[in-house]
Amino acid sequence: MSSVSLVERNIKNRQNFIQLLYTCALLILAFKNITDSSVIIRKTDLLDNIIIIIFTGIIGVKIITQRYTYPKFIFSIALFCLCVYTCIKCYYFYLYFTALLFIGIQDVDLEKALNIVWKFKAFLIAIHVFTYTKDFISNPYSVPYSYRNGVQRMTFYQGHANTFSMYVCWISMEYLYSNYKKLNPIKLVLLWLINYFFYLFCDSNTALTIVTIACILIYISLIKRDYIKYYELLVKLFSKYLYGFLSIFFVTIIIGFVNGLFTNMFDTLNEMFTGRLLYGAVAYDLKGLSIFGKNVTFDPKLYWNGYWIDGMIFDNCYIWMMVSYGIAYLVLISLAAIAFNSRMDTRDRIFIILYSLYTIMEAYVMNAAICFPLLILGMYFTGKREPAISAGMKRILLKGRVVNES
């Protein structure tokens with residue numbers, strides 16, 4: 001066997017090991033996340049802690065074996081410390097997992113990892129759908145429901161209808177991302193129909209809206225027409241600035257409304273987003289801004305400026321971050337979307353746009369094990385791996401091998 005072939009095999013083995021570590025970490029968090037909200041698959045606190053320890057060990061091995069430049073090493077430590085600080089202050093610990101996944105994605109093929117992860121998640125969700133359907137057929141009154149404005153919504157044993165719909169939505173996103181090159185109009189229509197089928201039972205507008213936009217954007221990207229270059233320019237523009245624009249927009253609207261400005265615009269947007277902005281205005285007025293994170297709690301029922309509010313719900317994560325997680329994260333994600341945009345392809349840009357839109361309507365987005373586009377930013381931060389081994393890399397490795405043998 002030639003020296004070059006041996007080097008290539010060693011590199012391939014290392015890449016396979018890296019890929020295995022990261023994929024296992026994602027699978028562990030997929031199991032944790034889905035069972036955290038599951039009604040039928042219960043975990044003890046001990047088992048949950050064991051899962052966290054195993055995840056930390058696996059991703060820890062991945063991180064300590066990576067290559068770093070000095071600036072990226074310092075930034076990675078600072079980012080991890082910031083996320084841990086926010087977790088402690090807010091009592092929300094998903095940022096811990098997100099930070100480790102973000103830092104540890106160097107040399108990982110995200111497409112291959114997600115192609116395994118979405119199948120595992122779909123299997124777990126299918127168990128819930130099958131069990132819920134069986135129990136519903138035998139006794140409709142034995143299964144739990146969610147209710148909104150008197151409308152009965154099926155939960156499929158995931159605690160809440162929106163939670164179940166969120167998993168179906170992001171399993172769909174993972175499928176679309178990992179199979180982007182194999183997609184065609186028929187597959188897009190079938191995927192949309194699956195999501196629409198569950199929408200009929202869960203009545204979750206956010207999930208269906210995001211999947212619909214995803215299918216439209218991807219369909220246009222698949223069309224080979226003269227105007228496709230203009231479409232790609234628009235995708236590049238929106239993916240670069242949309243998250244930053246929406247961050248500034250929602251923060252300005254909330255602060256302005258509380259101080260007597262933008263009243264008509266606020267009322268229109270609040271109705272459009274089913275009351276999400278009102279919760280944000282109340283939270284900001286009572287709790288103020290957060291830079292790096294703080295714990296925010298409210299009474300079950302409170303009165304504010306003529307409104308009686310039963311249970312504060314934060315479904316707009318731009319607003320939730322300005323009040324609880326910290327504005328620092330709005331700034332960091334906005335800057336990352338701008339800084340890495342020139343290196344992204346159309347697929348990555350589309351999913352950054354979808355992430356930015358989803359952030360308007362849900363608060364799950366800071367959990368990268370559920371909403372994976374943050375990992376796209378991490379992939380470009382750590383240095384996206386090229387599929388082919390460069391001649392220069394071969395020479396360096398061969399030189400090192402000769403030195404070691406001598």
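Q: Which residue does Arg 347 meet in a salt bridge in this predicted model?
A: Follow the side chain of Arg 347 and you get to a salt bridge, with 2.7 Å from N to O. The pair links distant parts of the chain, 236 residues apart, with Arg 347 in helix 14 (residues 346-361) and its partner in helix 5. That partner is Glu 111.

Q: Is Arg 347 buried or exposed?
A: The cut-off for buried is under 20% relative accessible area. Arg 347 comes in at 9% relative accessibility, while Glu 111, at 22%, counts as partly exposed. So Arg 347 counts as buried.

Q: How many residues apart in sequence are the parts that Arg 14 and Asp 107 tie together?
A: These two side chains meet in a salt bridge at 3.6 Å, N to O. Arg 14 sits in helix 1 (residues 3-36), and Asp 107 is in the loop between helix 4 (94-103) and helix 5 (110-138), so the parts they tie together are apart in sequence by 93 residues.

Q: What is the relative accessibility of Asp 107, the buried residue?
A: Its salt-bridge partner is Arg 14, which is partly exposed with a relative accessible area of 34%. Asp 107 counts as buried, and its value is 9%.

Q: Which residue meets Lys 134 in a salt bridge?
A: Lys 134 is partly exposed, at 45% relative accessible area. Its partner counts as buried, at 17% relative accessibility, and the N to O distance is 3.1 Å. The residue is Asp 135.

Q: How many salt bridges does the structure hold?
A: Some share partners, joining Lys 32, Asp 36, Lys 43 and Asp 48 into one network. For the whole structure, the count is nine.

Terms used. Residues numbered from 1 in each chain as written. Predicted model: local features only at pLDDT ≥ 70, side-chain atom pairs only at ≥ 80, totals over all residues. Heavy atoms only, no water. Salt bridge = Lys/Arg side-chain N within 4 Å of Asp/Glu carboxyl O. Helix = DSSP H or I, 4+ residues; strand = E, 2+ residues; numbered from the N terminus. Buried < 20%, exposed > 50% of the residue type's maximum accessible area, 1.4 Å probe, protein only.
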